[in-house]
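Please keep the sequence and the model in view while reading.

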Amino acid sequence: MAKPITYAYLETTNYCNLDCSFCNRTDVIGPLKHMSLENWGKLLDGIKHHPIQEAKLMGMGEPFLHPQFDEVCRMFKEVFPDCKVVVATNCQYDITPGKKLRKVFENSLQYIDMLYFSIDGYEENYERDRAPAKWSKLIKFLDNSREVDRQGCDIVVNYVVNAYNVDDIIKIDELRVNYDLGQLRLNIAQIWDEGKSIKDDIATSGYTQHQLDYLKENWSGKIMGKSKWDYNDCFWVNNALYTTVEGNVKMCCLNTGAKPFGNLFVNSIDEIRQMTDYQNVKRGCNTNNPTSHCNNCSYKELSPMLKYLGV
């Protein structure tokens, strides 16, 4: 019997203003699209019987580029009032008072429990990994965010670590303090393509011993993830849901290029989770005999590194 869904990762737009390193959006997204509020309501209606405890309202796009993202958040909280809502933003848009996005940004915060400000690297390293982002635009965003009523939303810094930006972590932590932001969350860079491995990219595998020791000695408590992990520990196959702006259901955010198992506007989520392809991936993980879908899973590949870092 399928376990209930307690975690959801739901995409409502695939529009984005950046082309970040480690993001394979250009390989996997279809035509640019914002999910209509009508379809969003249908999607929520189709999953409301599951006891979702945490949801990330994001995906391969910048969430706040959805022109009605505040309404997206409100509708979700109306259906799942006790669910923790998490959103990530790239901070590369104008929230100066009077701008349209300022109003959407402010209105959204009352429905968001945790908002990630994604800041990977300092100055030139930031601009390299989050091209065509501009450091000056980030600082302007942070300056304007000082005057925003957070309405109880915990705004934190999410930092994707790679072999080129390890030394910048302390600078971003100082920036975090200066702007009165919440915790610093460090995520070791992953690969989201089943055809590629972390070891295939120098940025995700080329850490020096000095860098690893520096991370371990100074930032171990800030690094997210689980070091003790095997395929039968995967929560995605048992308790989670990942959907695209089209309503397509995929297994997880670690394999965004996978063929969809079904579509929520065609079949119910419970029907999709019983389909043969879905069950094969689930069975493979639960028995520690993964299918090709999971062969290059970053959770598995990063386990030894996270263990060394003391996570």
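Strands β1 and β2 run parallel and are joined by three bridges; two strands are taken to pair if DSSP finds at least two bridges between them. Helices (H or I, at least four residues) and strands (E, at least two) are DSSP runs, numbered from the N terminus. Within this pairing, Ala-8 stands opposite Ala-55 of β2. β1 also pairs with β7 (residues 240-243), in the parallel sense and over four bridges, and there Leu-10 stands opposite Thr-243. Both faces of β1 are covered, with Tyr-7 and Tyr-9 buried on one side and Ala-8 and Leu-10 buried on the other. Buried denotes under 20% relative accessible area, exposed over 50%, and partly exposed in between (1.4 Å probe, protein chains only).

The model is predicted: local features need pLDDT of at least 70 and side-chain atom pairs count only at pLDDT 80 or more, whereas totals for chains, interfaces and linings use all residues. Residues are numbered from 1 along each chain as its sequence is written, and side-chain values use heavy atoms, with hydrogens and water left out.

From β2 the sheet continues to β3, the two strands pairing in the parallel sense over three bridges, with Ala-55 opposite Val-85. The chain passes from β2 through α3 to β3 in a right-handed β-α-β crossover, that is, with the strands pointing away from the viewer, the path from the first strand over the helix to the second runs clockwise. Five of the six residues of β3 are buried, so this strand is largely enclosed by the rest of the structure. β3 in turn pairs with β4 (residues 114-118) in the parallel sense over four bridges, where Tyr-116 is the bridge partner of Ala-88. Together, β3, α4 and β4 form a right-handed β-α-β unit.

Helix α3 has several buried residues, among them Phe-69, Val-72 and Phe-76. The elements covering its buried residues include β1 (7-10), α2 (37-47), β2 (54-56), β3 (84-89) and α4 (100-109), contact being heavy atoms within 4.5 Å.
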